[in-house]
Amino acid sequence: MGQNHQFKQGQKVPNNGVYIEVGDTGDGVKHPKKVKLKAGDTFPETSNNRRDYKMRPKP
């Protein structure tokens, strides 16, 4: 079993980090919401109901 890479609002955060909004197909979006969350927090509401959260890639 693999780990999820996209998360819906209200789900528990698996790992500490910065998460950004992506489109429902994994596409990037203009002006995505960025949130810094800790493991166990819940994902906040997205700007659009067809968006998910994805961990921001490390630089």
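1. Threonine 46 is buried, with a relative accessible area of 8%; buried here means under 20% relative accessible area, exposed over 50% and partly exposed in between, for a 1.4 Å probe and protein chains only. The place of threonine 46 is the loop between E3 and E4. Its side chain reaches the backbone oxygen of asparagine 48 at 2.7 Å. Setting aside neighbours within four places in sequence, threonine 46 is in contact with Gln9, Glu21, Lys33, Arg51 and Tyr53, where contact means heavy atoms within 4.5 Å.

2. A word on the basis of these points. This is a predicted model, in which local features need pLDDT of at least 70 and side-chain atom pairs count only at pLDDT 80 or more, while totals for chains, interfaces and linings use all residues. Residues are numbered from 1 along each chain as its sequence is written, and side-chain values use heavy atoms, with hydrogens and water left out.

3. Now the sheet. Four strands form an open sheet in the order E1-E4-E2-E3, with antiparallel pairing. E1 and E3 stand at the edges with a single partner strand each, so one side of each has no neighbour in the sheet. Strands (E, at least two residues) and helices (H or I, at least four) are DSSP runs, numbered from the N terminus, and two strands pair if DSSP finds at least two bridges between them.

4. Strand by strand, the pairings look like this. Strand E1 (residues 6-7) pairs with strand E4 (residues 51-55) in the antiparallel sense over two bridges, and the bridge partner of glutamine 6 in E4 is lysine 54. Strand E2 (residues 17-23) pairs with E4 over five bridges, again antiparallel, and glycine 23 stands opposite arginine 51 there. Isoleucine 20 has lysine 34 as its bridge partner in E3, and glycine 17 stands opposite leucine 37.

5. The covered face carries Val35 and Leu37, the uncovered one Lys34 and Lys36. Apart from neighbours within four places in sequence, valine 35 is in contact with Gly17, Val18, Tyr19, Pro44 and Tyr53.

6. Which residues make up the largest nonpolar core? There are seven: Phe7, Val13, Tyr19, Val35, Leu37, Phe43 and Tyr53. A nonpolar core is a set of buried Ala, Val, Leu, Ile, Met, Phe, Trp, Tyr and Cys residues joined through side-chain atoms within 4.5 Å. In soluble globular proteins, nonpolar side chains tend to be buried together.

7. Rings of Phe, Tyr and Trp (its six-membered ring) pair if their centres lie within 6.5 Å; planes under 30 degrees apart count as stacked, over 60 as edge-to-face and the rest as tilted. By this rule there are four aromatic pairs. Phenylalanine 7 and tyrosine 19 form an edge-to-face pair, 6.1 Å centre to centre with 85 degrees between the planes. Phenylalanine 7 lies in strand E1 and tyrosine 19 in strand E2, so this pair ties together parts 12 residues apart in sequence. Tyrosine 19 also forms an edge-to-face pair with phenylalanine 43, at 5.1 Å centre to centre and 85 degrees between the planes. That pair links distant parts of the chain, since phenylalanine 43 is in the loop between strand E3 (34-37) and E4, 24 residues from tyrosine 19. Tyrosine 19 and phenylalanine 43 are both buried. Phe7, Tyr19, Phe43 and Tyr53 form one aromatic cluster.

8. On charges, the structure holds two salt bridges, each a side-chain nitrogen of Lys or Arg within 4 Å of a carboxyl oxygen of Asp or Glu. In one, the side chains of aspartate 52 and lysine 8 meet at 3.1 Å, N to O. Aspartate 52 lies in strand E4 and lysine 8 in the loop between E1 and E2, so the pair ties together parts 44 residues apart in sequence. Aspartate 52 is buried, with a relative accessible area of 5%.

9. Glutamate 21 and arginine 51 also meet in a salt bridge through their side chains (3.1 Å, N to O). Glutamate 21 sits in strand E2 and arginine 51 in strand E4, 30 residues apart. Both glutamate 21 and arginine 51 are buried. Leaving out neighbours within four places in sequence, arginine 51 is in contact with Glu21, Val22, Val29 and Thr46, which brings us back to the threonine of the opening point.

Technical notes:
Polar contact = N/O pair within 3.5 Å; in protein donor to acceptor, adjacent residues only side chain to side chain.
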